[in-house]
Amino acid sequence: MRWQGQHVDAEDIEALPGLTRIPGLVRSVRTPEFAGVTFHEVRARSVLNEVPSASMVPFRWTVNPYRGCTHACRYCLAGDTLVLMGYGRVKPLSEVRAGDQVVGTELRDGVRHYVRTDVQAHWRTVKAAYRVELDDGTVLVASAEHRFLTENGWASVNGVAPGGEPARKLAAGAMVTGPGRRLGSAAKIAGLLVPGDARLRVVSVQPLNRELPMFDVTTGTGDFIANGVVSHNCFARGSHSWLELDTGKGFDTEIVVKVNAAEVLTRELARPSWRRDHVALGTNTDPYQRAEGRYRLMPGIIRALAGARTPFSVLTKGTLLRRDLPLLTAAAERVPVGVGVSLAILDPVLHEQFEPGTPSPRARLELI
């Protein structure tokens, strides 16, 4: 890939909220190969991230060489969707803001409870819309990828999960979980077991055949109550709010690149305290998004992990993975290595609607 980049002018840097607060910022670059995208190159102090013990994910450590992602995937609901707030009333999703408190859910010893949780990020986009109707008359307008909690776990409107992985598909007859409309405005919901005393049957899931403005949030629990139903949210975009960068379009176009990721990781893995726990890559943003073709951070990261006898896994939608197959093969001779290629949409038209910045389904099939 040719790289004909240019530095961003000082006036432009000052015009971007929070940019001067990005730790370790070296320079910001724009290039014709990535129209509308700005890369903020930083020298990170640390790249090995410990996952909070309260998280239910099956790994404790992650490495994310990029913040933000040009894949431009979004999981959203219509703006008039009513969100149950922490103080007991409801508010349209379009009016919820970072810093608000809403009701989400939390697993305690394997049992899900309602809890109050903070909103960490809020954003707007435009997506192809689907209409989900429940047997109590509730209607939810959502994107194909948005997920709701059912009696059998999380299910997405069209069988697509965040990261592009196949997911349980929401279909007529499914029982979704939540307080429902009767408890939807109750002030004393926190602490109750989920699903409370409401279980709602899906009557139909239909495409509206048009795009609509949609909204989503990131919460501390990873979910919230939407029109009385427990709804999942996108967790990755919240990382941009920490830098005071936009979590909507900015997440797709303001990419933070940890240019010294391999160097820092090598140092961190050499510490006597490191126990060679499993490290997961691709858990927040894709390590093989298109920018990796220029920055080539993954080869150094793979060598650092294998050299430190640290098992790891990679989840990606990016066909740039093909470049590193020899390195991954060599690493697998020293440590356990897992590789996952996400492919949930085969139809090229749907692909353009829901994953516009990712490699085509055919390209990913060829990679697999």
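Is Arg27 buried, partly exposed or exposed? Arg27 counts as partly exposed, because its relative accessibility is 27%, and the points below place this residue and others within what is a predicted model.

1. The side chain of Arg27 meets that of Glu41 in a salt bridge, with 2.6 Å from N to O. Glu41 lies in strand S3 and Arg27 in strand S2 (residues 25-30), so the pair ties together parts that are 14 residues apart in sequence.

2. Strand S20 itself (residues 254-258) is mostly covered, with five of its five residues buried. Side chains in a regular strand alternate between the two faces of the sheet. In S20, Glu254, Val256 and Lys258 point one way while Ile255 and Val257 point the other way, and all are buried.

3. The largest nonpolar core holds 36 residues, of which Leu265, Ile301 and Phe312 touch the most other members. Among the elements that give two or more residues to this core are S20, helix H5 (261-269), strand S22 (312-316) and helix H8 (325-332), while H7 gives the most, with six residues.

4. Leaving aside residues up to four places away in sequence, Leu265 touches Val47, Leu48, Val63, Ile301, Ala304 and Leu305. Apart from this core lies another one, of 26 residues, which includes Leu134, Leu140, Ala144 and Val205.

5. The count of salt bridges comes to eight. One of them joins the side chains of Lys91 and Asp100, at 3.5 Å from N to O, and both of these residues are buried. In another, the closest N and O atoms of Glu106 and Arg108 are 3.1 Å apart; Glu106 counts as partly exposed because its relative accessibility is 35%, and Arg108 is likewise partly exposed, at 37%. Glu292, Arg323 and Asp324 are linked in a network of salt bridges.

6. On the surface, Leu346, Leu365 and Ile368 form a nonpolar patch, with about 340 Å² of accessible area together. Leu365 has its place in helix H10 (residues 361-367), and this residue counts as partly exposed, because its relative accessibility is 49%.

Definitions and conventions. Residues are numbered from 1 along each chain as its sequence is written. This is a predicted model: local features need pLDDT of at least 70, side-chain atom pairs count only at pLDDT 80 or more; totals for chains, interfaces and linings use all residues. Side-chain values use heavy atoms; hydrogens and water are left out. Buried means under 20% relative accessible area, exposed over 50%, partly exposed in between (1.4 Å probe, protein chains only). Helices (H or I, at least four residues) and strands (E, at least two) are DSSP runs, numbered from the N terminus. Patches are made of residues with over 30% relative accessible area and no salt bridge: like charges are joined within 9 Å, nonpolar side chains (Val, Leu, Ile, Met, Phe, Trp, Tyr) within 5 Å. Accessible areas come from the Shrake-Rupley method with a 1.4 Å probe; for residues, only the protein chains shown count as cover. A salt bridge is a side-chain nitrogen of Lys or Arg within 4 Å of a carboxyl oxygen of Asp or Glu. A nonpolar core is a set of buried Ala, Val, Leu, Ile, Met, Phe, Trp, Tyr and Cys residues joined through side-chain atoms within 4.5 Å. Contact means heavy atoms within 4.5 Å.
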